[in-house]
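Thanks for coming, everyone. I'll keep this short. Have a look at the structure first, then we'll walk through it.

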Amino acid sequence: MLNLVIFGAPGAGKGTQAAMLIEKYNLVHLSTGDLLRKEIAEGSEIGKQAQAIMARGEFVSDEMVVSIISGQIDRHADANGFIFDGFPRTVRQAGMLDELLKSKNMSISIVVAMEVPETELVRRLLERGKVSGRADDQNMDVIANRIHVYHEKTEPVTGYYDAQKKFVSVNGLGAIEEIFGRLTAVIDQVK
Ligand code: AMP
């Protein structure tokens, strides 16, 4: 089984690369952001709780995302492996994910991060906001808050996986295919 975490700041290109990686390695893509937006669209209880939090660019609870992820892993019991995208976003989530995977006789194979300078992140998010209509990609204050929360709560996750010797970072600037090549070079080494 190949279980990847695709890591990076908002706007780093995680979703774009994950969509290509699932094709190449035959994996299931689990994006907590996408799954939460689906809950909102369906008007579920989880969606109602998450909506205002997401609109501010804050994090929903660790318990909420871990429970969503757990359900999805069980739903795809026959999967070749998973790509976790936008998750784990806190050190606590990373610990909870390890526990969860252990209970299912699974583990993280590798964490691949994409490094993108902040000015480029903001440019990409605003561009995506125009195309996707995502409200949290259109408001400069919300974008700034998401990047701030990323530095404060998510960046420390790199140390968590570094300590397990599972963290690798690549340059996230350049053509999409070029970045894909950097990621697959790393992943092919652990496969
Ligand atoms: P994303 O699509 O990954 O940018 O996520 C959109 C929003 O969903 C984030 O700004 C958070 O409000 C929420 N979210 C997504 N994943 C997580 C997570 N792992 N932990 C907490 N909140 C999350």
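**Pocket, core and rings**

Helix H6 is the top contributor to the lining of the largest pocket, giving six residues. Keep in mind that this is a predicted model.

Stay with that pocket. Its space comes to about 970 Å³. The lining has 47 residues, and those closest to the pocket's centre are Pro 10, Gly 11, Lys 14, Arg 128 and Arg 134. Several elements give two or more residues to the lining, including strand E1 (2-7), helix H1 (14-25) and helix H6 (118-132).

Now the core. Nonpolar side chains in soluble globular proteins tend to be buried together. Here, the largest nonpolar core holds 57 residues. Which of them touch the most other members? Ile 73, Phe 84, Leu 97 and Tyr 161 do. Helix H4, residues 62-75, supplies the largest share of this core, with six residues.

Take Leu 97. Beyond its neighbours within four places in sequence, Leu 97 is in contact with Ile 69, Phe 84, Phe 87, Pro 88, Ile 108 and Tyr 161.

Last, the rings. The count is five aromatic pairs. One of them joins Tyr 160 and Tyr 161, edge-to-face, at 5.1 Å centre to centre with 85 degrees between the planes. Buried or exposed? Tyr 161 has 0% relative accessibility, so Tyr 161 counts as buried. Tyr 160 counts as partly exposed because its relative accessibility is 23%, and the cut-off for buried is under 20%. Elsewhere, Phe 7, Tyr 150 and Phe 167 make up one aromatic cluster.

Conventions:
Residues are numbered from 1 along each chain as its sequence is written. This is a predicted model: local features need pLDDT of at least 70, side-chain atom pairs count only at pLDDT 80 or more; totals for chains, interfaces and linings use all residues. Side-chain values use heavy atoms; hydrogens and water are left out. Rings of Phe, Tyr and Trp (its six-membered ring) pair if their centres lie within 6.5 Å; planes under 30 degrees apart count as stacked, over 60 as edge-to-face and the rest as tilted. Buried means under 20% relative accessible area, exposed over 50%, partly exposed in between (1.4 Å probe, protein chains only). A nonpolar core is a set of buried Ala, Val, Leu, Ile, Met, Phe, Trp, Tyr and Cys residues joined through side-chain atoms within 4.5 Å. Helices (H or I, at least four residues) and strands (E, at least two) are DSSP runs, numbered from the N terminus. Contact means heavy atoms within 4.5 Å. On a 1 Å grid over the protein atoms alone, a cavity is a set of points where a 1.4 Å probe fits but cannot get out, and a pocket is an open set with protein on both sides within 12 Å along at least five of seven lines; lining residues have an atom within 4 Å of a point. Grid points are joined across faces, edges and corners, and a volume is the space filled by probe spheres set on the points.
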